[in-house]
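Notebook open, structure loaded. I'm jotting down what I look up as I go, pocket to begin with.

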Amino acid sequence: MANLKYSRQRAAIKEYLSHTYEHPTADTVYLHVREEFPNISLGTVYRNLNLLADMGEAIKISTPEGGDRFDGRTTPHYHVVCRRCSRVFDLELDEQHIHSVNKLADCHFDGTIISHSALFYGICRECESDIPHKTIAYKNQNND
């Protein structure tokens, strides 16, 4: 990728992503960055988020509900989407487990696996506390 001209707006977007664990949408990033740059447009935020993702300085998480989410943490890790509130959470697994998935896939692929991404679905602890216990136990028994 060609050398990009420095952009204070892009730097502010990257800075915001690096200090949040919320995996925000572009709209949320826009609302926060607009405090520092009142004239920034939503389109500029979208373009810069996608550019940061293309450059490997952010991760773009496409969720089934629509509205891509962004993560400033680019080290290998997984994500979980809560099926009730749609929040996105980091899933901390040992890096050895992540590499073992690459090796397993590589054994079953006619080529070379370089990396992978996975999106898990579940119910977060906060939403889980709103569900009657028997419902969760019943679902767990049927999924075994």
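This is a predicted model: local features need pLDDT of at least 70, side-chain atom pairs count only at pLDDT 80 or more; totals for chains, interfaces and linings use all residues.

I started with the largest pocket, which holds about 360 Å³ of space. A pocket here is an open set of points on a 1 Å grid over the protein atoms alone, where a 1.4 Å probe fits, with protein on both sides within 12 Å along at least five of seven lines. The volume is the space filled by probe spheres set on the points, which are joined across faces, edges and corners.

I then looked at the lining (residues with an atom within 4 Å of a point). It has 19 residues, and Ile59, His77, His116, Ser117 and Ala118 are the closest to the pocket centre. Strand S1 (59–61), strand S3 (78–82) and H4 each supply at least two lining residues.

Residues are numbered from 1 along each chain as its sequence is written, and side-chain values use heavy atoms, with hydrogens and water left out.

Next I checked H4 itself. At its start, a side-chain oxygen of Asp94 comes within 2.7 Å of the backbone nitrogen of Gln96.

Buried or exposed? Glu92 counts as exposed because its relative accessible area is 54% (exposed is over 50%, buried under 20%, partly exposed in between, with a 1.4 Å probe and protein chains only). Its side chain makes a 2.8 Å polar contact with that of Arg73.

On to the largest nonpolar core. Of its 15 residues, those touching the most other members include Ile13, Val33, Ile40 and Val45. Helices H1 (8–18), H2 (26–33) and H3 (42–54) give two or more residues each. Beyond neighbours within four places in sequence, I found Ile40 in contact (heavy atoms within 4.5 Å) with Gln9, Tyr30, Val33, Arg34 and Val45.

Last, Asn48 in helix H3. Asn48 counts as buried because its relative accessibility is 8%. Its side chain reaches the backbone oxygen of Thr44 at 2.9 Å.

Methods. A polar contact is a pair of N or O atoms within 3.5 Å; within protein, one must be able to donate a hydrogen and the other to accept it, and residues adjacent in sequence count only if both atoms are side-chain atoms. Helices (H or I, at least four residues) and strands (E, at least two) are DSSP runs, numbered from the N terminus. A nonpolar core is a set of buried Ala, Val, Leu, Ile, Met, Phe, Trp, Tyr and Cys residues joined through side-chain atoms within 4.5 Å.
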